[in-house]
Amino acid sequence: MRLKTLLFNQGIFVQNVRSVGWIFIAYLLCLLFAVPLRILMVTSSRDDYLRMYEFTGETLFRFSSGFQMILMFTVPVLLGIFIFRYLQVKLSADYIHSLPIKREALYQQNVIFGLGVVVIPVLITGLILLILSSFVDAPNVLNIGTIAAWVATTIVVNVFVFMATVFVAMFTGISVFQGVLTYILLVFPAGVTVLFFMNVNYFLRGFAVDYYLDHQVERWLPFVRVGELTHTPFSGGDFLGFFIIAIAFYLVALFVYQRRKVEMASQAVAFRVLRPVFLYGVTFCAMLLGGMYFGQTQGTFGWRLFGYIVASLIGYVVAQMILEKTWRVLGKWKGYGVFVVAMAILALLIKFDVTGYENRVPVAENVERVYLSDSAHWLSTRRPLSEHEEAIYRQQHFYEDRENIDRIINLHEEVIAGERSYDQNRRFYRQAVFYYELTNGRKLVRAFQVPVEFYTKPNEPLAKLMESEEYKYNYFPVLRLENTDEINHIRISSNRGGHREIIITDATEIKEFHQLLQKDIKEMTHDEFTDGKSWAWIEYSLISDDRRNYLNADWKKSYEKIEAWLEARDLARQARFTAEDIAFAVVGKREAEMIETGRVDVGEDFKDREGTIRIEDVEELKELLDKSSMVWNDEGKYVIAYYYEDDLNRPHFETISAEHVPDSILQQLNER
Amino acid sequence: MIQVHNVKKEFEDIEAVKGLNLHIKKGSIYGLLGSNGAGKTTLLKMIGGIYKQDAGEIFIDEKPVFENVELKGRMIVLTDSLYFFPQYTVRQMANFYKSIYPLWNEERFQELSKVFPISVNKKIHRMSKGMQRQVAFWLSLSTMPELLILDEPFDGLDAVMRQTVKNLLVQDVAEREMTILISSHNLREVEDLCDHIGILHHGEMMIEKELDDLKTDVHKIQVAFKGGVLPDGLLEEFDVLYKEERGSVHLYIVRGDEEEMSAHIDFFMPVLFDVLPLTLEEIFIYEMRDVGYAIENVIV
């Protein structure tokens, strides 16, 4: 009897049916149109329907996927607004709360009714789908498993969104505001995290914003996760996550409802203690948004400061207007003054780095492993890496060698001591990401903006690092290949266009070549590493169980051993372009715009360009070929275009540094 | 039946009710008078268990009223603006009350349909304000409440219907010992109904008395003396709320025992001496003037 009176009152039930029953019917119709009817429409009009996108996945979310998603994020919100409308209107709020029903009972009954409206139509549709499965031939899409998954997923998302709306209903006294706040709540955790991290990044040098934000945050957006349902079904964790949050919403909403004052109907914020929270919350978020906008678009501190001030002011005024429900809030500026002072203190605390964040460098003994790279990309744990990716890419950036750890810590210290003002949005910069796994299980991550030359004109620790055996071992997959029996063949092909290619298939030759290449690589200095001078690509074709696998390497101009080996077999000239293949070359000063864009736009007209000279002498061509580089960095002050005998219309462009241009040519160039 | 102890309620920054005390006996009709914004509606909503007081206690039958389903099932609050579910007919609304109020009396509902000339199948929101008011009384009285809280209840009722409703109310009080708490700014309306009066001003209770006591306590007298000269010491020991001169006739509103006062005035041998009946409205105005709430002489 007690339970009955607690949970069910006929009068309230009838009133709910009358006021939101239409949502139930409309929702059921929408679902029927979106899925079962859609299946019937497609299967009855097309013979090849099984090849259509909708039928290729093992999920029912591909049918009218956009519409299904819209339903999940609108129907429960609409419903929550209508069911708790009585709270937000003064007259009805007074009336309902004068009735002999406890708030808890009212709440339970309304919530249960609402759950019925978002759950029962889904169940009905599921039943119809089950019936449909017996005479539509689409076993992939229509079976007990997919239907159950569809029903369970839709219900969980609906319940989650509905409870979010109910939760918000208790905190506000305006229905429109309830709707708006519900959507804000759904994006809030992700949004605030992005805003916060992006802004911390402006103040704390070395803050590894990409590491923290990389793919992590969008997981907190229900819209994103639900949008992925067309290809990734909910995992147990997803179900549990949505469900637990929904329960939390339910409990907190009940708790809050029992403490809510009836007279707060039509107030934007229903609890007085929450008014400052709302006011300063809006102001703070607006400030961060403004800072981020100008930080990303303009980049300078001045613009960012402008963004902070203007946006926080707008946020403050708007929040005041909402709270006071009037335009006239100009008299209430004192709160903003308090905010400015608090923010100034916060900014100073961060700026003066009270925790020593910026200068913190781990002690070498405590480091187990280090990651150093120009991006945090391979630290991401969002997507499991394939074995191949793990081996070829991720491993390259990790160091365990003690000497290398010392070098990296040195490098880190040098970066800290270096130029601070590598501000956002300078056009050319690169990143240096340091990631330490410490022996105590903790991690230390820092990311810095460094000049482009950081990697090309390195300081000593970086050069030593790159010359270290560990680095080369990780960087060159070729070094990791011990057993040459795994190699099917080795293909060497020119990387200067045209067709120059040899394939080594003989097992002994493969073995010889492989060992020489390993030696060449191990002897390579850092300068040679980055000079971009190479003759050809080397591709190992491996015999592997599943499918053919490849290893790649460059035939660099500095690799003397393999060059000699190839020359001895007269293979070199078949694998690369030589002076004999070139009709002539044209050398000219590299103009500013070429440096800017990193390429030559003049194309075939380059040979007619003023200030260039044409070289046809074989010896000179040989020298040029030896010295020119494919890297377009600042060192390459001269541009060289090779015109091939067999294709004069498409020259191949490379750069050459001033010191490497043969004197005779340099002299001629200067005379022009 | 109702005990209100030291109750406080604030809205935003305004203190609507400040440390208020109130006592209402079972079976009485208590009229709550007060200036606009005195806190009458707030007080009624707190007693009705709609608003929760910020401080103090409200007991009905010795039990706190807030969130008390048992008590609320035996009382009805009729607020100044009525609320009905949209699109409901009288019958549907009656069914709702039937499901909510344990003491709902269907016979009474049928009986009352003879009193209120309204079809049960008519949609309430299409009715006039007065008819809606009638429906509200009809439904309320059918729940057989032990306590009826009425905020400005006669707004919109015509004279005949007003009298009918008053008769119904009095009848219930007489037969079932129903208690009524009624607020009004129209004092004449409640004068003939109430037996107790409380006057509220700025959230505080100014006077709380039986109406008869109040009336015997304050008097309006007209006196005139020979030559129009007032004798010294006239009414010195009495609390004069108001005085006015109309030619040689002096008008006084005086608080005090009537017999004592008559003897006192007779002593000065007036040429004219009348004790006039005092309306509730006059009591209200003079009492309020006492606390600085006067009718402003507005020149339009």
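Q: Does Leu40(A) count as buried, partly exposed or exposed, and what is its relative accessibility?
A: In this predicted model, Leu40(A) is placed in helix H3 of chain A. Because buried means under 20% relative accessible area and exposed means over 50%, the value of 34% for Leu40(A) puts this residue in the class partly exposed.

Q: Which helices of chain A each supply at least two residues of the nonpolar patch?
A: The patch covers about 1,100 Å² of surface, and its members include Leu40(A), Met41(A), Phe33(A) and Leu127(A). The helices of chain A that each contribute at least two residues to this nonpolar patch are H2 (10-34), H3 (36-45) and H8 (103-133).

Q: Which element of chain A has the lowest mean pLDDT?
A: For chain A, the mean pLDDT is 84, with 91% of the residues at 70 or more. Among the elements of this chain, helix H9 (residues 144-169) has the highest mean, 96, whereas the lowest, 51, belongs to another helix, H1 (residues 2-7). Where pLDDT is low, predicted coordinates should not be read in detail.

Q: Is His196(B) buried or exposed?
A: His196(B) sits in strand S9 (residues 196-201) of chain B, and its side chain makes a polar contact of 3.0 Å with that of Asp195(B). Since the relative accessibility of His196(B) is 15% and the cut-off for this class is under 20%, His196(B) counts as buried.

Methods: Residues are numbered from 1 along each chain as its sequence is written. Chains are lettered from A and ligands numbered from 1 in the order in which they are written. This is a predicted model: local features need pLDDT of at least 70, side-chain atom pairs count only at pLDDT 80 or more; totals for chains, interfaces and linings use all residues. Side-chain values use heavy atoms; hydrogens and water are left out. Patches are made of residues with over 30% relative accessible area and no salt bridge: like charges are joined within 9 Å, nonpolar side chains (Val, Leu, Ile, Met, Phe, Trp, Tyr) within 5 Å. Accessible areas come from the Shrake-Rupley method with a 1.4 Å probe; for residues, only the protein chains shown count as cover. A salt bridge is a side-chain nitrogen of Lys or Arg within 4 Å of a carboxyl oxygen of Asp or Glu. Helices (H or I, at least four residues) and strands (E, at least two) are DSSP runs, numbered from the N terminus. Buried means under 20% relative accessible area, exposed over 50%, partly exposed in between (1.4 Å probe, protein chains only). pLDDT is the predictor's confidence in each residue, from 0 to 100. A polar contact is a pair of N or O atoms within 3.5 Å; within protein, one must be able to donate a hydrogen and the other to accept it, and residues adjacent in sequence count only if both atoms are side-chain atoms.
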